[in-house]
Amino acid sequence: MTTPTTTEKSTKNAAQTVKQQGLTPQNIILMVGATILATLVAMALSSLSGGFVSGSEQPAPSGRPISLPVIIHLSTVVPAIPLGAYVLWRQKGDQLHKHLGRIWGLLMITTAIASFWIGRPGHGIGGSGFSFIHIFSVVTLVSIPYGIWQVRRGNVVEHYRAMQGPYIGLLIAGLFAFIPGRIMGSLVFG
């Protein structure tokens, strides 16, 4: 029989403290999910009452107001970039991977859904309100559930591929978002 090392004891004590405070990974995921759900409900209700853009919003450097979907999109996509990298390149299959992966998946789904409110008529390809970047949103909305289904079936390789695709798309879409004339390009480059 082996005795636990000091590191193992401190890790166990930290885990017990976190559980006593109610900050279990399940509770964190539940809070993130509830926040995302509340955000989506607010978006839906706001769109029914005439949209997100009001005269009181601060205009971006481009002169266009920064709308709630853009704020939601940015607030979910910014943490999804480093979190996705960490989840994809760290040890796989342990509890931390699973919990962080769930948070990343929720961030990505929220990012993808919010992107459809960003495309407004008069912008994008042919004035339709959507651009080629929205293809990445559709891929995300398909790939994340597909990846979850694959890992539940035990197909870890296909799960990895399914999760890797939206992350690569996130990086590519992020680069295209900085093209002059797009919202991020206007915010950063004026």
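This report describes the overall fold of a predicted model and then its salt bridges.

## Overall architecture

The protein is built with seven helices and zero strands, and its elements, read along the sequence, follow the pattern α-α-α-α-α-α-α. Of its 190 residues, 30% count as buried.

When contacts between residues at least 6 apart in sequence are considered, 57% of them join residues at least 24 apart.

## Salt bridges

Side chains of opposite charge can pair when their charged atoms come close. A search of the whole structure finds two salt bridges, and each is taken in turn below.

In one of them, R90 pairs with D94, and the closest N and O atoms lie 2.8 Å apart. R90 has a relative accessible area of 16% and is buried, because buried means under 20%. D94, with a relative accessible area of 22%, is partly exposed.

## The pair in helix 6

The other salt bridge joins R161 to E158, with 3.7 Å between the closest N and O atoms. Both residues belong to helix 6, which covers residues 156-176, and because they are three residues apart there, R161 and E158 are separated by about one helical turn.

Terms used. Residues numbered from 1 in each chain as written. Predicted model: local features only at pLDDT ≥ 70, side-chain atom pairs only at ≥ 80, totals over all residues. Heavy atoms only, no water. Salt bridge = Lys/Arg side-chain N within 4 Å of Asp/Glu carboxyl O. Buried < 20%, exposed > 50% of the residue type's maximum accessible area, 1.4 Å probe, protein only. Helix = DSSP H or I, 4+ residues; strand = E, 2+ residues; numbered from the N terminus. Contact = heavy atoms within 4.5 Å.
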